[in-house]
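Take a look at it first, then read on.

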Amino acid sequence: QNENKFKNNLLMSTSEVCDLAGEWVPTRANDWRNRNIGMPHPARARMPSTKIKFESDGKGGGMVGEIHVSWAVKMLAPGHYNGAAWGFDWHFNDANLSILNDGTLEVRFPSQGINEYWRRTDGRALEILSCAKKKAAAEKEARAACSSREGQPIKLVFRRAFDSFGLTWHWGLAIGSSIYEVGGLMAVIGPKGLVHATGAVTSVALSGTKLDQFHGYVELKGKASYRSDEEIEQFCVQWVVEHPVYNALGPNCQTFSEDLFVYLTGSNLEFSKSADLKLGPVTSSHAVWLDPSKKPLTSINNAVDAATSEGGLTEVASGVAQAAAAIGFFFM
């Protein structure tokens, strides 16, 4: 029921033709990852049955090894998509899909530790992406010509969540002086308060988000938004509709922040999410701390790095993520 609700909401939200339409087969099998118990994901990539096909409306389906997978995706910007995938008894709703410089489709589900790589069978991925980028550039120029709005600088803002060790961090996105964040199960809060909710609202910023509610930020230099406040709020409303159920490992505040950033800039964030078992922007040399007492301990940084080194995630690191998820609200 949840997957059908998501698919219907997603497909109603856009009339654009999905430029992933076509057949895709696996590539870079050695780089496939999946944190879930079962057949090794690289082995699934090598199975002859593994292939997926997307339709022009964003629906898709196919086989990943022995597993039948259904898809619903939506373009956020040329070459960048979000969406959901589901099977008989599972449903993942924090997909991040990107066309890489060589035309490879990278698929990530941070909540599951899934990384996959696909190539288009007709070899037209870069050709189609080029056309989409030209169209988007023309629309951006037309928008700029019809508006006196200057580009707004973007910051990734963060604060330590409820754990006492600095393992998990809440994210939001600051666009100029306006900050948008997840503040409920599921809800988005903005500079004027609640934007939209499908569940309980847990934020203390109901009168509006402010920078001093966060412990620090990273200024995303070279990136700016030319979208109007109305366009951003419309995106936030639709995002909540498409992600009606909060999940501690995703979709969560970090999923929202990256999706909004992609929509505004056409690029992924350069930082890992907590579900990737990495600390993300708080370890950046460009982080500005509004409350230095909230900095993560050096020992925590070293422990996380050690647990996730040597080629991937360990059982210890995975256990840390699952324990953190049990807290319930730790990303808000």
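This is a predicted model: local features need pLDDT of at least 70, side-chain atom pairs count only at pLDDT 80 or more; totals for chains, interfaces and linings use all residues.

Phe158 belongs to strand β9 (residues 152-160) and Trp169 to strand β10 (residues 169-175), so to speak two distant parts of the chain, eleven residues apart, that the pair links.

In total, the structure holds ten aromatic pairs. Another of them joins Trp32 and Trp118, and this one is tilted, with 5.2 Å from centre to centre and 55° between the planes. Trp32 sits in the loop between β1 (22-26) and α2 (41-45), while Trp118 is in strand β8 (residues 114-120), so the pair ties together parts that are 86 residues apart in sequence. Trp32 is buried at 0% relative accessibility, and Trp118 is buried with a relative accessible area of 1%.

There is also an aromatic cluster, made up of Phe54, Trp71, Trp90, Phe92 and Phe109.

| Charged residue | Ring | Distance to the ring centre |
|---|---|---|
| Arg28 | Tyr117 | 3.9 Å |
| Lys155 | Tyr217 | 5.4 Å |

**Empty spaces**

Now for the gaps. Rolling a probe the size of a water molecule over the atoms shows where empty space is left. Searching the whole structure turns up three cavities of 30 Å³ or more. The second largest cavity has a volume of about 50 Å³. Which residues line the second largest cavity? They are Asp94, Ala95, Asn96, Pro110, Thr255, Glu258, Asp259 and Lys273. The elements giving two or more residues to this lining are β6 (91-99) and α5 (253-265). By class, the lining has four charged, two polar and two nonpolar residues.

The largest pocket has a volume of about 1300 Å³. Its lining takes in 47 residues, and those nearest the centre are Leu76, Ala77, Pro78, Ala136 and Arg227. Several elements each supply at least two residues of the lining, including β4 (67-77), β5 (80-86), β14 (216-225) and α4 (229-242). The largest share, eleven residues, comes from α3. Sorted by class, the lining of the largest pocket has 21 nonpolar, 13 polar and 13 charged residues.

How values were computed:
Residues are numbered from 1 along each chain as its sequence is written. Side-chain values use heavy atoms; hydrogens and water are left out. On a 1 Å grid over the protein atoms alone, a cavity is a set of points where a 1.4 Å probe fits but cannot get out, and a pocket is an open set with protein on both sides within 12 Å along at least five of seven lines; lining residues have an atom within 4 Å of a point. Grid points are joined across faces, edges and corners, and a volume is the space filled by probe spheres set on the points. Helices (H or I, at least four residues) and strands (E, at least two) are DSSP runs, numbered from the N terminus. Ala, Val, Leu, Ile, Met, Phe, Trp, Tyr, Cys and Pro count as nonpolar, Asp, Glu, Lys and Arg as charged, and the others, Gly among them, as polar. Rings of Phe, Tyr and Trp (its six-membered ring) pair if their centres lie within 6.5 Å; planes under 30 degrees apart count as stacked, over 60 as edge-to-face and the rest as tilted. Buried means under 20% relative accessible area, exposed over 50%, partly exposed in between (1.4 Å probe, protein chains only). A charge sits over a ring if NZ of Lys or CZ of Arg is within 6 Å of the ring centre and within 35 degrees of the ring normal.
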